[in-house]
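Visitor: Could you walk me through the aromatic residues here, inside and out?
Guide: Gladly, let's look together.

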Amino acid sequence: SSLVTNLVIPNTVEEIKAYAFYNANSLTSVTIPNSVTGIGNSAFYNCSGLTTVNFNATNCTTMGSSSYPVFQNCNANATINIGEGVTTIPDYAFRGLLGNGILIIPSSVTGIGSYAFYGCSSLTSITIPDSVTSIGDCAFCECTSLTSVYITDIAKWCSIDFGDSLSNPLNYADKLYVNNQLITD
């Protein structure tokens with residue numbers, strides 16, 4: 001038998017149950033299709049070899065919990081690719097991941113859940129599209145390397161419903177860019 005390192009979940013799967021890939025430390029990449037509507041507690045717990053998560057679940061509403069994040073004890077350097085068509089990034093979605101430093105949220109996303117990127121300590125910059133209208137509590141808590149936030153419309157930015165002060169990535173980042181131009185005054 002051959003070792004599975006690149007896991008592509010078929011588009012017939014609607015739910016990935018809790019602990020489904022618990023300790024599957026040989027996995028290097030996981031592709032979650034648009035058919036998935038929920039991912040259970042610690043579904044990819046201790047996948048220490050994980051380097052890439054391709055998240056294409058356009059209707060996913062639940063991903064683990066505060067005590068049992070989906071990617072708990074995984075490789076903190078895993079890169080997250082969020083597919084165009086994803087409208088909501090669920091609560092706790094990518095807690096503790098994101099190692100490539102750069103996150104570009106696609107323009108289809110309207111909401112970012114609470115604790116969605118909590119502890120993504122390698123995140124250095126984030127692009128938030130005009131489509132985002134809400135960012136949940138503590139969405140960017142402990143993103144201690146975050147320095148830059150990129151937006152395109154200051155009016156849209158002003159109308160985002162931030163759950164709390166730690167929802168705003170500017171809590172850590174000290175540079176806000178509008179259309180790639182640093183805001184200085």
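What follows is a short exchange about aromatic residues in this predicted model.

Visitor: Which residues make the nonpolar surface patch of about 310 Å²?
Guide: Tyrosine 68, in the loop between β6 and β7, is partly exposed at 38%. Tyrosine 19 has 39%, and tyrosine 22 has 42%. The patch is made by Tyr19, Tyr22 and Tyr68.

Visitor: Are the rings of tyrosine 19 and tyrosine 22 stacked or edge-to-face?
Guide: There are 12 aromatic pairs in the count. In this one the ring centres are 5.7 Å apart and the planes stand at 65°. Planes over 60 degrees apart count as edge-to-face, so the pair is edge-to-face.

Visitor: And how are the rings of phenylalanine 117 and phenylalanine 140 arranged?
Guide: Phenylalanine 117 lies in the loop between β10 and β11, and phenylalanine 140 in the loop between β12 and β13, so the pair ties together parts 23 residues apart in sequence. Phenylalanine 117 is buried at 0% relative accessible area, and phenylalanine 140 is buried at 1%. Their ring centres are 5.6 Å apart with planes at 15°, so the pair is stacked.

Visitor: Which residues have the most contacts inside the largest nonpolar core?
Guide: That core has 53 residues, and the elements giving it two or more residues are β3, β5, β7, β13 and β15. Beyond its sequence neighbours within four places, phenylalanine 44 contacts residues including Ile32 and Phe71. The residues with the most contacts inside the core are Ile32, Phe44, Phe71 and Phe94.

Technical notes
Residues numbered from 1 in each chain as written. Predicted model: local features only at pLDDT ≥ 70, side-chain atom pairs only at ≥ 80, totals over all residues. Heavy atoms only, no water. Patch = residues over 30% accessible without salt bridge, like charges linked within 9 Å, V, L, I, M, F, W, Y side chains within 5 Å. Areas by Shrake-Rupley, 256 points an atom, 1.4 Å probe, with all protein chains shown as cover. Salt bridge = Lys/Arg side-chain N within 4 Å of Asp/Glu carboxyl O. Helix = DSSP H or I, 4+ residues; strand = E, 2+ residues; numbered from the N terminus. Buried < 20%, exposed > 50% of the residue type's maximum accessible area, 1.4 Å probe, protein only. Core = buried A, V, L, I, M, F, W, Y, C linked by side-chain atoms within 4.5 Å. Contact = heavy atoms within 4.5 Å. Phe/Tyr/Trp six-rings, centres within 6.5 Å; stacked < 30°, edge-to-face > 60°.
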